[in-house]
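Reader: Please show me the chain and its model. I will then ask about a few places in it.

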Amino acid sequence: MEPEGKRSRSCHVIHRDGNGEVDFTRETAEQLLAGGSFFWLDLDRPTPDDFVILREVFKFHPLAIEDSENFGQRAKIDDYDDFAFLVLFGASSDEDRLVEVHCFYSEHYLVTVHRDEAPAFTEVRDRFAKRAQPIEHGARLLYRIVEALVDSFFPLLADFDDRIDELENQTFLNATDAQLQEIFSMKKLLVGLRKAITPQRDMFARLAGGITTLPGMTTDDERYFRDIYDHLIRISDLVDTYRDLLTSSMDVYLSTVSNRLNAVMKQLTVIATIFLPLAWITGFFGQNYGWMVRNISSWQAFAIGGIGLEVVAAAMMLVYFRRRGWF
């Protein structure tokens, strides 16, 4: 096993000297902290050794480290003495369509930790990589990162909208079990999105209202984070709307299947009703009356008295059903 500080574990760093990947070691963390300028360190798929560096070098509170080690949390802001710990969510392409990001933010640095791929970070990195000057205001960088995470939900929800329309059209044409399973799957995903977005919306409502603050936040910064709150309101409304649409799509599916079943049952009922008098006629004339034995002795008499009577009965039933509008 390689000794501490010489591992090839890499992380992404944006600071005054540029933008790129570096080995995440104790020495690297100490150099970044000693540099004196604001930096953003993005740690993907952290290991237990990485959290040891965060605890011992960055001096993060043990409760914050414990929260960061355990993913699957609720969106929140925890205020500590010299930094704030944030749990944020964005959209991704994995199974649950969510990426959970843990942020350690202070006036001197921003450390982000996540286990899933965060596509929203790519654009932010590219934007700050093109900047000639170093990051002067950390709250503005945090805003850009949170904005990218929040706005990543809009393309996902747009795909939901298109797919819901397609499902409704397909259901009207030919309802299948696969459509019902997809509706249930989409509703499950929306429930997961709602559980992530609603606490995040409430969190930024407190932040925009001044109830909760971040290190170094100014009045102008509050305006930016208020814009994020507006985006989260829109996303929350879209999630609720699409849940209602999926519920309506399920009702349409069930109604379509029920109507199809009713049509089949109507056809079967018509057929059974037509054969009912035919069975009665056949049973009646099958009693071997002496009159039938003496008089129905040719095929002409059999055709008229037997088959003809049944055809007339069936025709009368069909005429009656047609006039009643049953088929």
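Author: Contact here means heavy atoms within 4.5 Å. The model is predicted.

Reader: Which residues is Gln179 in contact with, leaving aside its neighbours within four places in sequence?

Author: Gln179 belongs to helix α7, which covers residues 177–208. With neighbours within four places in sequence left aside, the contacts of Gln179 are Leu167, Gln170, Thr171, Asn174 and Tyr253.

Reader: Why does Gln179 count as buried?

Author: The term buried applies under 20% relative accessible area. Gln179 falls in that class because its relative accessibility is 7%.

Reader: Where does Leu54 lie, and what is it in contact with beyond four places in sequence?

Author: Leu54 is part of helix α2, residues 48–56. Leu54 counts as buried because its relative accessibility is 0%.

Reader: What distance separates the C-alpha atoms of Leu54 and Ile65?

Author: Along the chain the two residues, Leu54 and Ile65, are 11 residues apart, and their C-alpha atoms are separated by 7.7 Å.

Reader: How many disulfides does the structure hold?

Author: A disulfide is a covalent bond between the sulfur atoms of two cysteines. Counting one here requires a pair of cysteine sulfur atoms within 2.5 Å. For the structure, the number of disulfides is 0.

Reader: Is Cys11 buried or exposed, and what of Cys103?

Author: Cys11 has 3% relative accessibility and therefore counts as buried. Cys103 has a relative accessible area of 0%, so Cys103 too is buried.

Reader: Which residues make the nonpolar surface patch of about 590 Å²?

Author: Leu261, one of its members, is found in helix α8, residues 219–285. Residues in a patch have over 30% relative accessible area. The patch is made by Leu261, Val264, Met265, Leu268, Ile271 and Phe275.

Reader: Among contacts between residues at least 6 apart in sequence, what percentage join residues at least 24 apart?

Author: The chain has 10 helices and 7 strands. Among its contacts between residues at least 6 apart in sequence, the part joining residues at least 24 apart is 64%.

Technical notes:
Residues numbered from 1 in each chain as written. Predicted model: local features only at pLDDT ≥ 70, side-chain atom pairs only at ≥ 80, totals over all residues. Heavy atoms only, no water. Patch = residues over 30% accessible without salt bridge, like charges linked within 9 Å, V, L, I, M, F, W, Y side chains within 5 Å. Areas by Shrake-Rupley, 256 points an atom, 1.4 Å probe, with all protein chains shown as cover. Salt bridge = Lys/Arg side-chain N within 4 Å of Asp/Glu carboxyl O. Helix = DSSP H or I, 4+ residues; strand = E, 2+ residues; numbered from the N terminus. Buried < 20%, exposed > 50% of the residue type's maximum accessible area, 1.4 Å probe, protein only.
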